[in-house]
Amino acid sequence: MTIAHTQLSATDKAFRVEGYEKIDYSLLCVDGVFDLHNPQLAESYRSFGRCLAVIDANVERLYGSLLRNYFKYYELDLTVFPITITEPNKSIDTSAKCL
């Protein structure tokens, strides 16, 4: 969930803009997350009917088939976006590519 807050004040000769965006989310660690008998991950996407997975290319290589089989089993559309996320790749250009 994101909430943008802004505040504007002005005088005859100047103005001031103050703003920030609060980002609030939780991360949940789940043992056996891709176990077909564990619906926990699928249920978190059920209301959307789909999932976008932005995933490190090495993680995708190791677990991509488990991820795809899991979402297929639960009949949820899945788009996988593998990306190399090493330190040199952490840039505005990489962020723009993800977006």
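Colleague: What makes Leu76 and Asp77 contacts of Gly49?

Modeller: Contact means heavy atoms within 4.5 Å. Gly49 touches Leu76 and Asp77, leaving out residues up to four places away in sequence. This is a predicted model, where local features need pLDDT of at least 70, side-chain atom pairs count only at pLDDT 80 or more, and totals for chains, interfaces and linings use all residues. Residues are numbered from 1 along each chain as its sequence is written, and side-chain values use heavy atoms, without hydrogens or water.

Colleague: Why is Gly49 called partly exposed?

Modeller: Buried means under 20% relative accessible area, exposed means over 50%, and partly exposed lies in between (1.4 Å probe, protein chains only). Gly49 has 29%, so partly exposed is the label.

Colleague: And Asp77: buried or exposed?

Modeller: Exposed, because its relative accessibility is 56%. Asp77 lies in strand S4. Its contacts beyond four places in sequence are Gly49, Arg50 and Cys51. From Asp77 to Cys51 the C-alpha distance is 6.2 Å, at a sequence separation of 26 residues.

Colleague: What does Leu76 contact?

Modeller: Ala42, Tyr45, Arg46, Gly49, Arg50 and Phe71, once neighbours within four places in sequence are set aside. Leu76 is also one of the ten residues of the largest nonpolar core.

Colleague: What makes that set a nonpolar core?

Modeller: A core is a set of buried Ala, Val, Leu, Ile, Met, Phe, Trp, Tyr and Cys residues joined through side-chain atoms within 4.5 Å. Here the members are Ala42, Cys51, Ala53, Ile55, Leu67, Tyr70, Phe71, Tyr74, Leu76 and Val80. In soluble globular proteins, nonpolar side chains tend to be buried together.

Colleague: Why is Glu60 called buried?

Modeller: Its relative accessibility is 17%, so the buried label applies. Glu60 lies in helix H2. It touches Ile55, Arg68, Val80 and Pro82, not counting residues up to four places away.

Colleague: What makes the phi of Glu75 worth a look?

Modeller: Phi is near 55 degrees, a positive value in a residue other than glycine. Glu75 is in the loop between H2 and strand S4 (77-83). At 73% relative accessible area, Glu75 is exposed.

Colleague: What volume does the largest pocket have?

Modeller: About 230 Å³. Grid points are joined across faces, edges and corners, and the volume is the space filled by probe spheres set on the points.

Colleague: How many of its lining residues are charged?

Modeller: None: six are nonpolar and three polar. Ala, Val, Leu, Ile, Met, Phe, Trp, Tyr, Cys and Pro count as nonpolar, Asp, Glu, Lys and Arg as charged, and the others, Gly among them, as polar.

Colleague: Why is Gln40 called partly exposed?

Modeller: Because its relative accessible area is 40%. Gln40 is in helix H1 and touches Leu28, Val30 and Tyr70, not counting residues up to four places away.

Colleague: What classes line the second largest pocket?

Modeller: Eleven nonpolar residues, no polar and no charged ones. Helix H1 (40-46), strand S3 (50-56) and H2 each give two or more residues to this lining. The pocket holds about 170 Å³ of space.

Colleague: Where in the protein is confidence highest, and where lowest?

Modeller: pLDDT is the predictor's confidence in each residue, from 0 to 100. Helix H2 (residues 57-73) is highest, at a mean of 96, and strand S1 (residues 2-10) is lowest, at 79. The protein averages 88, and 97% of the residues score at least 70.

Key
Helices (H or I, at least four residues) and strands (E, at least two) are DSSP runs, numbered from the N terminus. On a 1 Å grid over the protein atoms alone, a cavity is a set of points where a 1.4 Å probe fits but cannot get out, and a pocket is an open set with protein on both sides within 12 Å along at least five of seven lines; lining residues have an atom within 4 Å of a point.
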